[in-house]
Amino acid sequence: MQFKSIIGQEGAKARLLTGIRENRVAHTQLFLGPEGSGSLALAIAFGQYINCANRTETDSCGTCPSCVKFQNLAHPDLYFYFPTTTTNTVKKDPRSSLFLNEWREYLDENYAYATQSGWYEHLKVGNKQGYIRKDDANELIGKIALKSFESEYKVVIFWMTERLNETASNKLLKTFEEPPDKTLIFLVAERYELLLATVRSRAQIVKVPALKESEIAAELVRQKGVGENEAAQVAMLATGNWNQAVNLLENTEDVQANFIRFRQWLRLCFRPLDYVDLNKFNGELGRMGREKQKSFLQYGLEVVHSSILLNQGNENLLKKNGEELDFSMKFAPLVNTANQLEIYQLFNEAIYHIERNAHGGILFSDLSFKLHDLLAKGRKQIVK
Ligand SMILES: [Zn+2]
């Protein structure tokens with residue numbers, strides 16, 4: 001993985017390179033970035049750069065033996081730790097080293113833009129969540145005590161460090177605090193608040209922001225051959241998340257499906273509640289897969305965003321037409337200063353809980369009652 005194949009993130013790349021030039025690379029670094037920002041890819045590229053035999057000022061060469069092994073994710077001095085769980089083939093004591101083939105396959109498929117739900121889907125474990133456990137910690141401590149095999153630096157990458165359980169992290173605190181000589185530890189994580197405080201305090205943070213809409217759009221055109229209009233529309237819905245953009249693209253009919261579903265759901269939430277119809281509909285939403293539920297709510301966030309634009313008279317910024325535009329125009333007045341922030345937070349929290357395995361049916365009925373009240377607040381504001 002070379003820096004040049006990572007989307008955007010010019011600021012983070014520059015900071016990493018400056019660190020090397022000025023000879024101040026921290027032993028333990030926390031690559032902190034939301035899903036789809038490319039934080040894992042960046043950590044891999046940084047490790048490759050550090051060990052490249054012919055690196056330039058700005059990138060690794062991509063062709064020296066070290067780079068080739070890094071690109072195959074099979075360098076003997078590159079270690080990965082990531083959440084695992086029991087599967088059909090590993091029935092007990094799961095740990096990262098038992099899943100390296102699956103891991104390489106998975107990263108290969110998406111150029112190291114990994115997501116938790118994508119990884120679990122790849123392992124075919126449904127909604128089961130993984131952990132990084134004490135067996136991982138013990139193995140790592142044993143391995144890094146040895147000298148490196150080929151390169152100057154051993155590179156240890158933890159992905160989804162949030163999933164490091166407490167026993168494992170206690171075992172690793174010393175390692176994070178002071179790794180053996182010539183060992184770099186990159187902790188990749190999405191949510192700072194979910195990391196154990198003891199882990200946070202031992203790492204230097206490398207901030208990896210969500211991607212810009214323009215970066216996603218340009219990459220969709222370049223990598224996927226998408227037309228510019230479609231790329232702009234998908235990028236807008238992707239909320240800075242490359243994986244989300246790819247998902248949307250693969251399911252372009254989802255945009256239409258989301259629109260129809262969302263309009264129907266809002267009607268049910270807005271009217272005096274008809275519990276039979278509403279429960280039935282919420283049940284259907286609850287039975288959709290997690291990714292579909294997330295994409296549905298992301299569509300909801302985008303509708304809120306469009307309403308704010310419309311209310312401010314910025315219709316020209318809206319990338320909608322036909323029925324979807326009609327719907328937005330009718331809906332926009334109901335979203336106003338009385339409720340816009342709360343609706344936004346409500347959808348964001350729901351996405352957060354879906355990622356954490358909330359029960360879909362319960363989540364959507366809770367959400368629809370709250371939305372019903374919030375829409376009533378919005379209507380009152382108009383009447384005033
Ligand atoms: Zn190289």
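In the predicted model, the centres of domain 1 and domain 2, taken over C-alpha atoms, are separated by 37 Å. Domain 1 spans residues 3–207, and domain 2 spans residues 251–383.

Within strand E1, which comprises residues 28–32, lies leucine 30. This residue has 27 other C-beta atoms within 10 Å and is therefore buried, the threshold being 20 or more. When its neighbours within four places in sequence are left aside, leucine 30 is found in contact with Leu187 and Ala189, and also with Ala203, Gln204, Ile205 and Val206. Between leucine 30 and alanine 338 there are 39 Å in space, C-alpha to C-alpha, and the two are 308 residues apart in sequence.

Helix H6, formed by residues 134–144, contributes Asp136, Ala137, Leu140 and Ile144 as buried residues. Seen down the axis of H6, these buried residues fall within an arc of 100 degrees, so that they line one face of the helix. The elements that cover them include strand E2 (78–81), strand E3 (154–159) and strand E4 (183–189), together with helix H7 (166–177).

Helix H9 (residues 213–224) packs with helix H11 (residues 242–250) at an angle of about 55 degrees, the axes lying 11 Å apart. The contact is made by Ile216, Leu220 and Lys224 on the side of H9, and by Trp242, Ala245 and Leu249 on the side of H11. The crossing in which H9 passes H11 is right-handed. In helix H10 (residues 228–237), the buried residues are Ala231, Val234, Ala235, Met236 and Leu237. After H10 comes threonine 239, which has a positive phi, near 45 degrees.

A further helix pair is formed by helix H14 (residues 290–311) and helix H16 (residues 340–355), which pack at an angle of about 165 degrees with their axes 10 Å apart. H14 and H16 are therefore roughly antiparallel to each other, as an angle over 145 degrees is counted in this way. H14 passes H16 in a left-handed crossing. Among the residues of H14 that meet H16 are Arg290, Leu297, Leu301, Val304 and Ile308, while those that H16 brings to the contact include Gln340, Ile343, Tyr344, Phe347 and Ile354.

Key. Residues are numbered from 1 along each chain as its sequence is written. This is a predicted model: local features need pLDDT of at least 70, side-chain atom pairs count only at pLDDT 80 or more; totals for chains, interfaces and linings use all residues. A residue is buried if 20 or more other C-beta atoms lie within 10 Å of its own, exposed if 12 or fewer, and partly exposed in between; C-beta atoms are placed from the backbone. Helices (H or I, at least four residues) and strands (E, at least two) are DSSP runs, numbered from the N terminus. The arc is that of the directions from the helix axis to the C-beta atoms. Two residues are in contact if their C-beta atoms, placed from the backbone, lie within 7 Å. Domain bounds come from an automatic or database domain assignment. Axes are lines fitted to C-alpha atoms, for helices over the stretch in contact, and angles run from 0 to 180 degrees between N-to-C directions. A crossing is left-handed if the near helix is turned anticlockwise from the far one by less than a right angle, and right-handed if clockwise. Angles under 35 degrees count as roughly parallel, over 145 as roughly antiparallel, 65 to 115 as roughly perpendicular and the rest as oblique.
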